[in-house]
Amino acid sequence: MKKQSFIRENPWAFLVVPLVFALFTAAVLYGVGRSLVAPYEGLLGLFFSEHIEEVEPRDLLEAASAISDDGSPVLPLSSIDYPAEGDRYATISIEGTNMQNPVYYGDSHTILNRGVGTYKDHSGAGIPGEGKTIMMVAHNNTFFSELKNVQLGALVKLETHYGISTYRIIDMQVKDYQDRTAYDFSRTDENLILYTCHPFDALGFTPNRYFIYAEYLSGPKLDPAR
């Protein structure tokens, strides 16, 4: 009597047997591959690692021992703790409004949910005292909602961790968000630009921005050569 084969008696064997062989082969290849690659994993990690150590933002204003308001002193740039991305380094207030808001370095979404942001992605943009264009932004329905009440000639005060800077508003304009004439990073005189979305009651995307321009009056000057 002819003996029946295992595969004929068990139709599922058509699936199981190839699967077992496939798994066994994969295990062997994995073991061999790991033994060959393992010595180089550390070296590869040096080139392809995407891990970036996160630095906790600082509150430079809170850490300051005293805030100077003695006119326009010249300070060595190296003597101050220059803010890093996310650091709170100032408070902004504007005459004739109830504004008294924290100012952070950078203008990411996270920062704008916490207060007023400072544009930093251009060599011609700076912080108070650097003699550059200072451009600050905040949401129109939160931290910059008071801009709609600002009048020409009003004073803007920036209380930084190294002194108090004062500016006078000289112009206000509504411009398209892509209009590059709204700012000038080639200027060598210190000036302040505040902007937010317009109209002020807009909740979604709007192509217009409300710009406020102010001239420097007083405050510490940071000497980059010292």
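Read along its sequence, the protein chain follows the pattern α-α-α-β-β-β-α-β-β-β-β-β-β-β. That gives four helices and 10 strands, taken as DSSP runs numbered from the N terminus (helices H or I, at least four residues; strands E, at least two). This is a predicted model, in which local features need pLDDT of at least 70, side-chain atom pairs count only at pLDDT 80 or more, and totals for chains, interfaces and linings use all residues. Residues are numbered from 1 along each chain as its sequence is written, and side-chain values use heavy atoms, with hydrogens and water left out.

**Chain totals**
- The protein chain has 226 residues, and 37% of them are buried (under 20% relative accessible area; exposed is over 50%, partly exposed in between; 1.4 Å probe, protein chains only).
- Take the contacts (heavy atoms within 4.5 Å) between residues at least 6 apart in sequence: 63% of these join residues at least 24 apart.

**Barrel**
- Eight strands form a closed barrel in the order β2-β3-β4-β5-β8-β9-β7-β6, with mixed pairing (two strands pair if DSSP finds at least two bridges between them).
- On average, neighbouring strands of this sheet are turned by 30° against each other, direction ignored (axes are lines fitted to C-alpha atoms, for helices over the stretch in contact; angles run from 0 to 180 degrees between N-to-C directions).
- Strands β2 (residues 88-94) and β6 (residues 155-160) run antiparallel and are joined by five bridges.
- Within this pair, threonine 91 stands opposite glutamate 159 in β6.

**Threonine 206**
- Threonine 206 sits in the loop between β8 (191-198) and β9 (208-218).
- Its relative accessible area is 6%, so threonine 206 is buried.
- The side chain of threonine 206 reaches the backbone oxygen of histidine 198 at 2.7 Å. A polar contact is a pair of N or O atoms within 3.5 Å; within protein, one must be able to donate a hydrogen and the other to accept it, and residues adjacent in sequence count only if both atoms are side-chain atoms.
- Neighbours within four places in sequence aside, threonine 206 is in contact with Cys197, His198 and Pro199.

**Largest pocket**
- The largest pocket is lined by 20 residues; Asp107, Leu112, Val137, Tyr195 and Arg209 lie nearest its centre.
- Two or more lining residues come from each of α4 (109-112), β5 (133-137), β8 and β9.
- Strand β8 gives the largest share of this lining, three residues.

Terms used:
On a 1 Å grid over the protein atoms alone, a cavity is a set of points where a 1.4 Å probe fits but cannot get out, and a pocket is an open set with protein on both sides within 12 Å along at least five of seven lines; lining residues have an atom within 4 Å of a point.
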